[in-house]
Amino acid sequence: MFGKKLLSELDVLEIWQKQQTYKKILESRKSGELFGFYDGPPFATGLPHYGHLLAGTIKDTVLRYQTMKGRYAPSRFGWDCHGVPIEFAMEKELDLAGPTSIEEYGIDRFNEACRGIVLKYTNEWKNTVFRMGRWVDFEGGYKTMDTTFMESVWWVFGQLYQKGLIYEGFKVMPFSTKLGTPLSNFEANLNYKEVQDPSVVIQFSIKEEKGVFLAWTTTPWTLPSNLALAVHPDFDYATVLHEGKEYTLLNSKVADHFPQEAEIIRIRKGAELAGLGYEPLFPYFKNQPNAFIVLAQTFVTAETGTGIVHMAPAFGEEDFEACKQAGIPLVCPVTEEGTFTQAVSDFAGMYIKDADKVILRRLKEEGKVFSHTTFRHSYPFCWRSDTPLIYRAVSSWFVKVEVIKERLIENNKKVHWVPDHIQSGRFGKWLEQARDWSISRSRYWGTPIPIWRAKDGEILVISSLKELSELTGFKGNDIHRHFIDQLVIHKNGKEYHRIKDIFDCWFESGSMPYAELHYPFENQTAFNNGFPADFIGEGLDQTRGWFYTLNVLSVALFDLPAAKNIIVNGIILAEDGQKMSKKLKNYPDPNDVIQKFGADSIRCYLLHSQAVRAEDLRFSEKGVEEIVRKLFIPLRNAYQFLSTYASLAEFKPKNERSTHPLDRWIVSKKEGLIRQVLEAMDDYALDRAIDPIYLFVDELTNWYIRRSRHRFWDESLEAFETLTMVLKDVVILLAPFAPFLAESLYQELRKHSDPMSVHGCLIPQPDLTLIDQKLEESTAIVQRVVNLGHQLRKSHKLKVRQPLSRITLITKEPSIVEALENGREQILEELNIKELSIASEAGNKIKLTLKPNWRGLGARLGSKVQEAAKKIQQLDQQDILALLEGSEVVLPLEGESFSLSENDVEVILNPIEGLVAASFGKVVALIDTVLTKELIQEGIVRELVNKVNTRRKEEGLEVQDRIHLTIYGGQDVIDAVSLHMEFFKQEILALKVDLVLKELEECELEIAKQVLV
């Protein structure tokens, strides 16, 4: 106990590993109440970044806290092993491009290659996670590519199918041509960018009358697939005669496209245009039944374009539905790779965006382009490959989200979101707009969708390996595509073959509460006890990702939310506010920052920031450094101070309570701190939990220890007992936030009977009987006076080590007077002032004047403000003092009364010469600045004390070492030290002080160490 060298973070890690601390503590809590937690799985194909450090720190802090509350809080790590990121990386490595090349390479070879890179960076992940102090079970973690996990995903799908929540549909979906697969609507919302696209107005020749329709588009590549035009039935459409030709477009857009001299010859409602035919732009689909007519649709807007919409039903959701209702068959002449098929013979094989210019060139040659400019707008990009998405009609398997939307909204109300605005805001609004969820992907490396289909369309849904084995004889233990695609089911005289699609990896991660435990095939009790989870946490982007899929499946399966409490963290940006970019190198390497400042510093910096309230954070090394300076160094210094003097006094703690006011005050503050931290942590408000610790450590070091310093020098047992107890409780309280520092300090403070690790301790509970509110308020008043005095000294360049003669405190409040009387000694010592007077009036020492707050008064009084200003100038000293003390003063104003408050004016203090003044609340402070010869001499001695003690530290002297000191200085120095010799020797622990007169600009010191045995 009370050693001098604290353990480093690496030392602590080594002890945890050697003693298997996490495993033992977890085992000791097994009899406690279960705290359920789900960890969203990251991909191990990339290295952990600051976003992972933030989310991991939040999770670890909550779980450590719950463990220290006595709960059993296991944390299993998971790996997202399937999906496009792995396939995309492997395509690059194998120099493949799209589905065709993958199938030629061989699905079996491709999938096994994907398996080989899935856990590429697991060691780096483990090292970073452990180095950040996060306790998590890697050995018992789950992988989405494990057969047990995949089988549970099958079960989830089977349950949804039995509930009638699965269907196959043909729908226009966001589609990544780079990946050759559709994305869900929430995936399409993850990566919008500002882009420049063509803005083209096309002329469609009307069949039944002269002239053309003008329709606007930003996607020329969809024009070969045009099958209809749309107008709004209630809008006014004008036919314009210009240069001998008739053009029809929205009436309100005529001025945007034609000169003033153009003549409007007819205006019709959109409903009158419905049913009119027009000539196809291209011949490819001219024989499509019911096509090439005008449809009346209310989705048409008047904001942009011409009010007439070109419709290619395969490439727009609204186009698809409108044409479907009109009986217009679908055409989709674009491959999954984004190239035109032979159906569009002139452009076959061309990538669609490359075809824009060629298509426009042909239409211009044929006189069908009215205008061609560019248009800047926000457009969705693939969040995996960072390439533009298109909207394309695809056959997909869907979960019926819209039919359970109300249950999703109701269950969301049961969740405690942090911050709370996410519930009805970002997440709640997303639920209100929820669409059916496309869960199938035309890919390879993932959990195969367990649907076998016969030629007549009948399907079988398999929900387990046992069922698969019974129907096919399959005896394998891997159900990836290349192991089961060839399995044929013979039943009822039919052959059933598996469809080729796999699950979207979001479906897998949304299934993890069940799949991580291989539920319902195993661990049914463990699942039932831990579902819904007590807590989950991820980034803001997951409100439309993992948080969403978790809740869709949990509500669909059990009509329950997936978790009771959710912390949503913000995004970590570079210090310049830009997205962190490896290419730009605009952020420091996480490992370098950990090595430089320590993991605890980063943890507390993140937890102390707005990032735990779902707000973006600009990462700053200075911010991390500030945590070290404001929290860690003061806390270490507090321990070192205790350790030094406790060792000298051979102090042994007895846990006895002190009656000393300072001790009672710090204990009261500590109990209040415990209450604050526990209330905030139980509310999952991590920043609100850690912030009071900063404030407390500041008061502990800058008030309690400084005010008690002489008590420790005098070996006061009460002071030792109090500081030991307070530090120990604070260290335990700090453990979830800064596990390394807490452990190192705890190891020096613990008794043999205490738990081996701070994280095995129970979190302290507040003893409300020890909270003395009156004592705290009284001390706060004294502290404010001291702070005010220091501000006055600083603003008037009066050094603190220069004693002053008097401070006068003016107040009429009895409770403040009592506090000031009780804190008299503290105020004088802190401010280095000889005398303190407390008065109810300033007398003739100060004159108060008022300066009107013109802006505030003007807003309230309008034209009466000038008269009010005159009345304000006429107020006497008593009225002004009343305002200063927070009271209101009533002024007559044009026959009415007007209440004047301190916010309406600025009180100017004008003390007499030789005094300086300042105020706070109901207190005015006056400090006498006149320096006598005696005060100046004492100031010289105190400056010398500071210089000698600084030299002591520089020379490496221990606090108990005595010295011989020789001072070479001028007459003023010699006289001053001689006058205060005993005080001087006591403050610097000198056995002997020699004074040598020597005219120097600055005195010189010579120290000889003498150790008392």
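Leu 875 is found in the loop between helix 34 (865–873) and helix 35. Helices here are DSSP runs of H or I with at least four residues, strands are runs of E with at least two, and both are numbered from the N terminus. The model is predicted: local features need pLDDT of at least 70, side-chain atom pairs count only at pLDDT 80 or more, and totals for chains, interfaces and linings use all residues. Residues are numbered from 1 along each chain as its sequence is written, and side-chain values use heavy atoms, with hydrogens and water left out.

Is Leu 875 buried or exposed? Its relative accessibility is 12%, so Leu 875 counts as buried. Buried means under 20% relative accessible area, exposed means over 50%, and partly exposed lies in between (1.4 Å probe, protein chains only). Leaving aside residues up to four places away in sequence, Leu 875 touches Leu 850, Ile 880, Leu 883, Val 889, Leu 891 and Leu 900. Contact means heavy atoms within 4.5 Å. Leu 848 is 27 residues from Leu 875 along the chain, and their C-alpha atoms are separated by 9.9 Å.

## Helix 35

Helix 35 covers residues 877–884. Its buried residues are Ile 880, Leu 881, Ala 882, Leu 883 and Leu 884. They pack against strand 29 (846–852), strand 30 (889–893), strand 31 (896–900), strand 32 (905–911), strand 33 (915–920) and strand 34 (923–928). Just after the helix comes Gly 886, with a positive phi of about 95 degrees.

## Helices 28 and 29

Helix 28 (residues 717–734) packs with helix 29 (residues 739–749). The angle is about 150 degrees and the axes are 9 Å apart. Axes are lines fitted to C-alpha atoms, for helices over the stretch in contact, and angles run from 0 to 180 degrees between N-to-C directions. The two helices are therefore roughly antiparallel to each other. Angles under 35 degrees count as roughly parallel, over 145 as roughly antiparallel, 65 to 115 as roughly perpendicular, and the rest as oblique.

The crossing of helix 28 and helix 29 is left-handed. That term applies if the near helix is turned anticlockwise from the far one by less than a right angle; clockwise makes a crossing right-handed. Helix 28 makes the contact with Leu 727, Lys 728, Val 731, Ile 732 and Leu 734. Helix 29 brings Leu 741, Ala 742, Leu 745, Tyr 746 and Leu 749.

## Aromatic pairs

Rings of Phe, Tyr and Trp (its six-membered ring) pair if their centres lie within 6.5 Å; planes under 30 degrees apart count as stacked, over 60 as edge-to-face and the rest as tilted. How many aromatic pairs are there by this rule? The count comes to 48. The rings of Phe 204 and Tyr 278 have centres 5.3 Å apart and planes at 85 degrees, so this pair is edge-to-face. The pair links distant parts of the chain, 74 residues apart. Phe 204 is in strand 5 (residues 192–205), while Tyr 278 is in the loop between helix 11 (270–273) and strand 11 (293–296). Phe 204 is buried at 0% relative accessibility. Tyr 278 is also buried, at 0%.

Phe 641 and Tyr 645 form a tilted pair, with 5.0 Å centre to centre and 55 degrees between the planes. They are four residues apart in helix 25 (residues 621–649), so about one helical turn separates them. Phe 641 is buried, with a relative accessible area of 10%. Tyr 645 is buried at 15%.

## A ring cluster and two cis bonds

Ring pairs join Trp 155, Tyr 514, Tyr 519, Phe 527, Phe 531 and Phe 558 into a cluster. The peptide bond from Tyr 519 to Pro 520 is cis, with omega near 5 degrees. Pro 520 is in the loop between helix 20 (512–515) and helix 21 (524–530). The bond from Phe 531 to Pro 532 is also cis, with omega near -5 degrees. Pro 532 sits in the loop between helix 21 and strand 23 (536–539).

Most residues other than glycine have a negative phi, and most peptide bonds are trans. Asp 559 is not a glycine, yet has a positive phi of about 55 degrees. Asp 559 lies in the loop between helix 22 (546–558) and strand 24 (565–569). It is partly exposed, with a relative accessible area of 32%.

Glu 650 has a positive phi near 50 degrees. Its place is in the loop between helix 25 and helix 26 (661–682). Glu 650 is exposed, with a relative accessible area of 66%.
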